[in-house]
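Please look over the sequence and the model below. This report walks through the confidence, the contact between chains, and a few pieces of the fold.

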Amino acid sequence: MNDPEPLILPTLTEGAELVGEFKGSGYRQPPQLVRLPNRQLVQLPPLLFSVAKALHDHRHLAADPHAALAEVADAVTAEANARISTEQVLFLIDRKLAPLGVTTYSNGTAPSLAKADTFLALRFRTAVFPATATWFLSGLFAWLFKPAVLLPSITMVAAAEVWLVATQPMGEALNNAIRTPTSILFVLALTVLSCVFHEIGHASACRYSGVRPGVMGCGIYVVWPAFYTDITDSYRLGRGGRLRTDLGGVYFNGIFLIALAVLYALTGYDPLLVAVVAVNLEIIQQLLPTLRFDGYYIISDLVGIPDLFKYMRPILRRTLLRRPAEERLNALKRWPQIVVTVWVLTVIPALAFQLGLIAIKVPDLILANWQRAQNLALSAQAGAGPLELLAGTLQLILLTLPLLGLALLTYWMLRWLTSKIIKIPTPQQA
Amino acid sequence: MAFRDLDDETLEALSGEVLPARVLMSVIIPSPVRGERAEVFYACQTTHYYGTPGLLGTGLLAQEARDTTTCVPAVVQTF
């Protein structure tokens with residue numbers, strides 16, 4: 001018969017940090033946060049957090065693990081106003097905390113760090129600026145969030161929008177711009193610059209609110225090129241700080257619009273108006289709460305629930321299948337529950353409707369692709385300049401991306417919905 | 001002070017979760033592009049129909065010129 005494994009007092013994973021309460025939460029019992037060494041945050045119910053905290057507080061007693069665990073159990077009992085035994089403490093450590101990477105196991109084994117399930121997230125990405133560079137960049141612009149600057153800026157954005165959209169010849173500018181490949185490249189460059197500035201806006205808001213932004217980089221969202229800023233640490237902020245961080249990108253788009261308006265007023269250069277249209281479209285797109293764009297995070301922070309997508313299955317089961325509400329749903333306060341239900345019941349049909357409409361456009365897109373490819377070949381034969389060929393090639397690529405995106409998005413949606421509703425195990429769960 | 005005992009069922013029901021990384025992103029909306037009969041935006045695709053003049057220039061069977069704009073993930077159409 002094997003000897004039982006010797007008990008080793010579990011400890012917080014090296015580099016983990018006990019953050020404290022998730023502020024402005026939509027849960028009946030506010031969860032607590034622990035930051036893992038890999039910058040991910042773990043949300044814990046208060047009792048589990050008490051165990052982790054008591055372990056940390058009594059780490060100096062590691063020489064006598066049994067006595068230390070008794071102390072830990074007493075501390076948790078006092079904190080929770082409910083008696084917990086040392087065996088139960090060990091159960092919580094080995095079955096609940098260590099698998100999440102918060103503590104080591106009671107046999108001394110180090111945990112593997114768990115990863116979040118991130119549906120429709122930006123999976124394929126690479127960091128371009130390390131966190132130190134983001135910190136520097138955000139420091140250059142954080143002052144734009146001071147109230148004395150913020151309010152006049154927002155007023156100027158509104159004035160610039162009204163002047164540009166209501167009084168300037170947008171349609172004519174569009175027609176002129178699309179006839180010259182150099183204009184298209186110019187507008188594309190401004191659009192990319194606007195996206196980068198948008199990301200600096202998130203980072204700056206994060207820094208102004210009091211936490212460190214992470215890396216900035218680029219990636220492929222579904223199949224579209226994207227820039228990103230990692231602001232995972234903003235979970236530490238209160239609701240106001242999180243919302244400021246969410247809205248910082250769109251605010252910086254607004255400032256970019258002011259710059260475009262000033263440039264246009266000085267030069268009268270038509271393609272600048274086309275860039276204004278593109279930036280406005282970006283703002284609209286960002287505020288949509290469907291995919292994981294800024295609008296999604298705004299709703300998530302308004303209700304104080306970090307991952308709304310996790311509530312799709314419980315809400316669909318309760319609403320459509322008339323099943324009793326799951327524990328996850330009952331853990332929410334009343335008004336966040338209502339908001340999340342409305343979000344789920346709106347977003348799913350909206351996504352389906354949008355995908356359907358875009359699917360209807362597929363024949364047009366294929367035709368346009370084919371014509372663009374033919375034009376590109378003819379232009380090349382006719383000795384078109386490198387700028388014209390570059391613009392044509394970029395356009396061809398951009399026309400193809402929505403088709404690929406539509407196909408992939410449909411596939412992912414169907415696979416995810418099927419696995420969530422019917423509970424087919426994913427490869428990771430199998 | 002007397003405490004109530006925590007039962008195993010309560011402890012079993014406890015669970016934490018790893019929160020998803022907050023990665024705020026912006027996708028690129030490129031410039032408008034033009035095909036023979038179509039102008040297309042990425043994410044927002046714009047289609048322009050030039051229309052037809054109609055039978056013998058009388059306007060009979062003529063089609064009006066119109067623009068269509070389609071956004072991903074939003075769809076906005078203007079005619």
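In chain B, where is confidence lowest, and where is it highest? The lowest mean in chain B is 41, in strand 5 (residues 39-40) of chain B. The highest is 92, in strand 2 (residues 17-18) of chain B. Keep in mind that this is a predicted model.

**Confidence**

Chain B has an average pLDDT of 61. A score of at least 70 is reached by 33% of its residues.

| Stretch of chain B | pLDDT | Contacts in the model |
|---|---|---|
| residues 31-45 | below 50 | 63 contacts |
| residues 69-79 | below 50 | 38 contacts |

For the model, the ipTM is 0.81 and the pTM is 0.80.

**Chain B on its own**

Chain B has 1 helix and 7 strands. Read from the N terminus, the order of its elements is β-α-β-β-β-β-β-β. Of the 79 residues in chain B, 44% are buried. Now take the contacts in chain B between residues at least 6 apart in sequence. Of these, 13% join residues at least 24 apart.

**Where the chains meet**

Strand 4 (residues 82-83) of chain A pairs with strand 1 of chain B in the parallel sense, over 2 bridges. Here Arg83(A) stands opposite Asp5(B).

**A sheet built from both chains**

Which strands form the open sheet, and in what order? There are 4 strands, in the order 5(A)-6(A)-7(A)-3(B). Their pairing is antiparallel. Strand 5 (124-129) of chain A and strand 3 of chain B are the edge strands, and each pairs on one side only. On average, neighbouring strands of this sheet are turned by 30° against each other, direction ignored.

Look at one pair in detail. Strand 5 of chain A and strand 6 (residues 216-221) of chain A run antiparallel and are joined by 5 bridges. Thr126(A) stands opposite Cys218(A), which lies in strand 6 of chain A.

**Two helices in chain A**

Helix 2 (residues 65-80) of chain A meets helix 3 (residues 86-97) of chain A. Their axes come within 9 Å and cross at roughly 90°. Therefore helix 2 of chain A is roughly perpendicular to helix 3 of chain A; angles of 65 to 115 degrees count as roughly perpendicular.

Which residues of the two helices meet? From helix 2 of chain A come Leu69(A), Ala70(A), Val72(A), Ala73(A) and Val76(A). From helix 3 of chain A come Thr86(A), Val89(A) and Leu90(A). The residues of this contact divide into 7 nonpolar, 1 polar and no charged.

How values were computed. Residues numbered from 1 in each chain as written. Chains lettered and ligands numbered in written order. Predicted model: local features only at pLDDT ≥ 70, side-chain atom pairs only at ≥ 80, totals over all residues. pLDDT = per-residue confidence, 0-100. Contact = placed C-beta atoms within 7 Å. Pairing = 2+ DSSP bridges. Buried ≥ 20, exposed ≤ 12 C-beta atoms within 10 Å, placed from the backbone. Axes fitted to C-alpha atoms, helices over the stretch in contact; angles between N-to-C directions. Parallel < 35°, antiparallel > 145°, perpendicular 65-115°, else oblique. Nonpolar A, V, L, I, M, F, W, Y, C, P; charged D, E, K, R; others polar.
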